[in-house]
Amino acid sequence: MSAQTGHLGALDLPAARTAGFAELLRWELGHVGRSRLLWAVLGLLFAAMLWGAHSGAALHREQDRAIQRSRAADLAWTQQILERARRYAEPADEPVPYWQDPTDVAGFSRYFLRAHAYKPNLPLSPLAVGGSDLMPTRLPVKLETPFGVEPAYDFENPRALGLGRFDLGYVLVYLLPVAAIVLIGLLATFERDHGMLRLIAAQRVGPRAWLGARIAAIFAWLAPAVLLGVAVSLFSAGADLAAAVPELIASAALVVAYLGFWAALGFVVVSAWPGAAGAISLMSAVWAVLAIGLPLLGSGAAARLGDAPAPIAYVDAQRRANDAIAGERDALLARDFRARGDLAGSLDKLGSLDYATRMTFLAPELERRLQPLRDRQESARSARERLSQWAGYLAPPLGMEQALAQLAGTDAQRHRRFERQAAGYQRQLREWFYPRIQRQISAPTPKPRADSYGRMNFLEFDAIPAYAWHDAPAWSRVAGALPTALWLTLLAAALSAWALRRLRQWPAEL
């Protein structure tokens, strides 16, 4: 027999003693560890993990550099505004148009204000790209954009996005099970394929202890090697592991639980004593169903949840609302003026209001009219996310993918929080600008110099509210991933118990 698989022939057990599980496990650990197949699979996995971690890290580094460039551009723009404000305080033959005048509060709010909301990547972001290649890390915040979020993002070529990104999460979710399938399918069926089960059954060894030790040995070699590969890959990709210790520990527990699930599933398959071809075929079929079939079915079902309007229908509704508001402009402005004591006496100024000032009244009106459609969109989106979370328990690869993205900070929930904070920042800017703009209607600020080039009613550039990103604490990300790890552990335990129940005796054909 070969050193790789000729286990029991060289065990040399005393005739009167049955080999225990611990003794068999020590034996299997030595022989599985000398398997060239094991090291070939581990080598390929390690190379894939390195490639995946560097691929995700490269994307996130470029996103972070884009944020830095955007901040630098905003700072340079502010310096230009300050210089123009200094020059516009000087005398001139005629004033500059308001839409070219940064010292006019209405003109500044529409044509000169540059504000962004930023979502920085977390230290462990190379763990999984998640949706970070589809969802923006920075959003321009404009006072007139409905609900605070500009629906545009072109960070990468759409064709490249359609191909997907090979990242560390992909290796752990989809390739790690393939490695387990290959190792279990070939190493746990060798004796069956080579007619050696009779020899093993003739020893004082039970089928549970023998096959259980084989599976446990494969798992015992694979799990530490994968964890080491993950840590090395993340470190080499530039992840700050010291800043993400809780998430790193949780990801290790998640990987071990996920690998345990696939090892237990393989244990169930080989407990029926198939050959290598049969075992690999069956496990591959289960992998395809769990990794591809169920997520596709869930995606189709999620697309039909709720009554959210189609994107084209929403754009059309926004166009119709804009047209209706344009036709009712004066009536809407008059209504708002009459409702306010400080503006009720300024109805004669309705026709002379500039566009930016009018929008301080009409932009909220557009949001009010679109709010029912927005609520339907949010309701359907929340229902799809809940379905996706529950589907993660039926399809472990989907649940694993979601949990890794949550630990990496590239999940949809974190992006939803980012969008809400961006919308909150827009409301903060409106609450700061709108009173200042509308105050100019009834009580315009007099010019410091009557013949100045600019209107000079706005010089509070340094007082404009700045965006502040508030991230969730690390424990919340860990808490979000732990249920998946616990569920996978329970599944592994249940499958192992099922396999042990099926292994009460050797196959009848012996």
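Colleague: How many aromatic pairs does the structure hold?
Modeller: Happy to start there, with the note that this is a predicted model. Rings of Phe, Tyr and Trp pair if their centres lie within 6.5 Å. By that rule, the number of aromatic pairs in the structure is 24.

Colleague: Take Tyr-98 and Tyr-111: is their pair stacked, tilted or edge-to-face?
Modeller: The ring centres of Tyr-98 and Tyr-111 are 5.8 Å apart, and the angle between the planes is 75 degrees.

Colleague: Where in the chain do Tyr-98 and Tyr-111 sit, and how many residues apart are they?
Modeller: Tyr-111 belongs to helix 3 (105–112). Tyr-98 is in the loop between helix 2 (36–88) and helix 3. The pair therefore links distant parts of the chain, with a separation of 13 residues.

Colleague: Is Tyr-98 buried or exposed?
Modeller: The relative accessible area of Tyr-98 is 14%. The cut-off for burial is under 20%, so Tyr-98 counts as buried.

Colleague: Which residue lies over the face of Trp-432?
Modeller: Trp-432 is part of a cluster linked by ring pairs, together with Phe-108, Phe-433, Phe-458 and Phe-461. At 3.8 Å from the ring centre of Trp-432, the residue over its face is Arg-436.

Colleague: And what radius of gyration does the chain have?
Modeller: The C-alpha atoms fill a box of roughly 110 × 45 × 35 Å along the principal axes. A compact globule of 510 residues would have a radius of gyration near 24 Å, but for this chain the value is 32 Å.

Notes:
Residues are numbered from 1 along each chain as its sequence is written. This is a predicted model: local features need pLDDT of at least 70, side-chain atom pairs count only at pLDDT 80 or more; totals for chains, interfaces and linings use all residues. Side-chain values use heavy atoms; hydrogens and water are left out. Rings of Phe, Tyr and Trp (its six-membered ring) pair if their centres lie within 6.5 Å; planes under 30 degrees apart count as stacked, over 60 as edge-to-face and the rest as tilted. Helices (H or I, at least four residues) and strands (E, at least two) are DSSP runs, numbered from the N terminus. Buried means under 20% relative accessible area, exposed over 50%, partly exposed in between (1.4 Å probe, protein chains only). A charge sits over a ring if NZ of Lys or CZ of Arg is within 6 Å of the ring centre and within 35 degrees of the ring normal. The radius of gyration is taken over C-alpha atoms; the globule rule is 2.2 Å times the number of residues to the power 0.38.
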